[in-house]
Amino acid sequence: MKHLLLAVFVIFVTMAMAGSAVAASPHEAVIYSFQGGSDGSYPYGGLVAGPGGALYGTTTEGGGGSCAGGCGTVFQLTPASTVGGPWVETILYSFTGGSDGATPWASLIVDGTGNLYGSTLFGGGTCRGRQWARGRFSF
């Protein structure tokens, strides 16, 4: 169900982005389906739009690490190079469940220079979660 909700949310965000062919003629289209494992699973929180129509977000599981089912990821979805073609997912970071935290739990925030910020529900020095920042990712 969470996979479907992200797909619907991504469609809404994509249609809301001005200047795209999708925005001119609203219709439903799945742009990416998470498979679980290394590509992440259970996307949670909102998406951040980046240059060229790329979308950035997090998954609460997948990607590897010491957590059962994976500790979560930060991902980028790049629009298809041709109309109707597949979007491409790139894993920008896989949480390990150690001092970097586990289970990203909130929407990403991006600053004016392209740094991404977020928080995890678990992990960190006290195992009660942490705030994190990752350097520039293609901004």
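Which residues does A102 touch, not counting residues up to four places away in sequence? In this predicted model, A102 touches C67, C71, F95, G97, T120, L121, F122 and G123, where a contact means heavy atoms within 4.5 Å. Residues are numbered from 1 along each chain as its sequence is written, and side-chain values use heavy atoms, with hydrogens and water left out. Because the model is predicted, local features need pLDDT of at least 70 and side-chain atom pairs count only at pLDDT 80 or more, while totals for chains, interfaces and linings use all residues.

The predictor's confidence in each residue, pLDDT, runs from 0 to 100. For the protein chain the mean pLDDT is 76, with 71% of residues reaching 70 or more. Strand β3 (residues 73–78) has the highest confidence, at 94, and helix α1 (residues 2–16) the lowest, at a mean of 42. Helices (H or I, at least four residues) and strands (E, at least two) are DSSP runs, numbered from the N terminus. The pLDDT is below 50 over residues 1–22, a stretch with 34 contacts in the model beyond near neighbours in sequence. Residues 135–139 also have pLDDT below 50, and that stretch has 19 such contacts. Where pLDDT is low, the predicted coordinates should not be read in detail.

A102 also belongs to the largest nonpolar core, which has ten residues: V48, A54, Y56, C71, V74, L92, F95, A102, L108 and L116. A nonpolar core is a set of buried Ala, Val, Leu, Ile, Met, Phe, Trp, Tyr and Cys residues joined through side-chain atoms within 4.5 Å. Buried means under 20% relative accessible area and exposed over 50%, with partly exposed in between (1.4 Å probe, protein chains only). A second, separate core has eight residues, including I31, F34, L55 and F75.

Two of the contacts of A102, C67 and C71, are joined by a disulfide, with an S to S distance of 2.1 Å. One disulfide is counted under the rule of cysteine sulfur atoms within 2.5 Å. The link is right-handed, with 105° about the S-S bond. C71 is buried at 0% relative accessible area, whereas C67 is partly exposed at 25%.

T120, another contact of A102, sits in strand β7 (residues 116–122). T120 is buried, with 7% relative accessibility. A polar atom of the T120 side chain lies 3.0 Å from the backbone oxygen of F122.

The structure also holds four aromatic pairs. Rings of Phe, Tyr and Trp (its six-membered ring) pair if their centres lie within 6.5 Å; planes under 30 degrees apart count as stacked, over 60 as edge-to-face and the rest as tilted. The pair of Y44 and W105 is stacked, at 4.4 Å centre to centre and 25° between the planes. Y44 lies in strand β1 (residues 41–49) and W105 in the loop between β5 (102–104) and β6 (109–110), so this pair ties together parts that are 61 residues apart in sequence. F95 is buried at 1% relative accessibility, while Y93 is partly exposed at 24%. Finally, Y32, F34 and F75 form one aromatic cluster.

Note on methods. Polar contact = N/O pair within 3.5 Å; in protein donor to acceptor, adjacent residues only side chain to side chain.
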